[in-house]
Amino acid sequence: KRLILVGPPGCGKGTQSPILKEEHCLCHLATGDMLRAAVAKQTPLGLQAKAAMDQGALVSDDLVVGIIEEALKRPSCSKGFILDGFPRTVVQAQKLDAALEKQGVKVDKVLNFEIEDSVLEERITGRWIHPASGRSYHSKFAPPKVPGRDDITGEPLLQRKDDTVEVLKKRLSSFHEQTTPVIEYYLKKGVVRNIEAAKPANVVTQEIQKAIS
Ligand code: AP5
Ligand code: ZN
């Protein structure tokens with residue numbers, strides 16, 4: 001399966017992706033996670049991406065398309081993938097289609113996580129992440145077994161630099177202005193399935209299973 005997860009910040013893309021990955025043996029490509037890793041390592045890519053990310057703006061299409069094109073060449077991605085947070089502009093969607101066409105494949109489903117903006121502040125400000133794996137927790141909705149520690153490695157959890165009320169507002173406007181047209185783009189191709197993302201995480205998981213089966 002070749003899946004795209006699209007939705008605003010905090011809608012649950014990063015929570016649902018690992019579950020899908022496990023169940024369907026897909027590779028999980030999250031541009032946000034990849035960019036944060038590059039920023040942490042201070043690679044040339046990370047240095048270029050950091051300012052936009054800190055402000056809640058999108059990183060340039062060329063940078064993210066480059067990352068995804070590289071990643072899609074991995075043998076582990078040949079059987080199927082989950083794109084989490086990509087494409088986020090129509091240009092990115094067109095370039096993805098062009099790259100897939102060369103491989104003779106196409107996107108099967110685009111899962112559109114529908115949720116009101118008003119719910120997202122609590123989700124974002126309560127989130128804690130384990131940077132090395134990308135696992136996310138929530139102080140109220142998905143607390144770790146030991147406060148402040150990753151369930152699997154026991155390593156400390158951190159809050160994302162862009163998870164503030166201020167930056168969230170910018171991320172939401174980036175989403176509405178630049179990413180809503182991506183949903184239109186895939187609607188025309190008939191591959192969009194809407195997911196009610198405000199429901200509890202386990203219910204969302206079930207909805208996704210139905211949408212992709
Ligand atoms: P990215 O990392 O992709 O951030 P985002 O799209 O803003 O999405 P989030 O990761 O914030 O939300 P999520 O949907 O994964 O939510 P989660 O499951 O963690 O991008 C970051 C930045 O990188 C961008 O701003 C941009 O600068 C750059 N970037 C990335 N990709 C790019 C691209 N393609 N082009 C250009 N720039 C790009 O859940 C959130 C919280 O809620 C968690 O605490 C979780 O435990 C909890 N939760 C999840 N589901 C539920 C539920 N159903 N009920 C209750 N709580 C829940
Ligand atoms: Zn995420």
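**Ligand shell.** By class, I find 16 nonpolar, 10 polar and 9 charged residues around ligand 1. Here Ala, Val, Leu, Ile, Met, Phe, Trp, Tyr, Cys and Pro count as nonpolar, Asp, Glu, Lys and Arg as charged, and the others, Gly among them, as polar. The shell has 35 residues, and the closest are Thr-15, Ala-57, Arg-88, Arg-127 and Arg-171. A residue is near if one of its heavy atoms lies within 4 Å.

**Ground rules.** I note that this is a predicted model: local features need pLDDT of at least 70, side-chain atom pairs count only at pLDDT 80 or more, and totals for chains, interfaces and linings use all residues. Residues are numbered from 1 along each chain as its sequence is written, chains are lettered from A and ligands numbered from 1 in the order written, and side-chain values use heavy atoms, without hydrogens and water.

**Polar contacts.** I looked for pairs of N or O atoms within 3.5 Å; within protein, one must be able to donate a hydrogen and the other to accept it, and residues adjacent in sequence count only if both atoms are side-chain atoms. Arg-88 puts a polar side-chain atom 2.6 Å from an oxygen atom of ligand 1. Ala-57 uses a backbone N or O atom, also 2.6 Å from a ligand oxygen. For Tyr-137, a polar backbone atom is 2.7 Å from an oxygen atom of ligand 1. Taken alone, ligand 1 exposes 1100 Å², and the protein buries 95% of that. These areas come from the Shrake-Rupley method with a 1.4 Å probe.

**Which elements take part?** Helices H1 (13-24), H2 (31-41) and H6 (117-125) and strand E6 (135-138) each give two or more residues to the shell. H2 gives the most, with 4 residues. Helices (H or I, at least four residues) and strands (E, at least two) are DSSP runs, numbered from the N terminus.

UniProt, in an unreviewed entry, lists residues 127-162 as "domain: Adenylate kinase active site lid". Its positions follow the numbering used here, feature names are shortened, and annotations may be inferred rather than shown by experiment. I find 0% helix and 22% strand over residues 127-162, with the end C-alpha atoms 11 Å apart.

Phe-86 and Pro-87 are joined by a cis peptide bond, with omega about -5°. Pro-87 lies in the loop between strand E3 (81-84) and H5. Cys-25 is not a glycine, yet its phi is positive, about 50°. I place Cys-25 in the loop between H1 and strand E2 (27-30).
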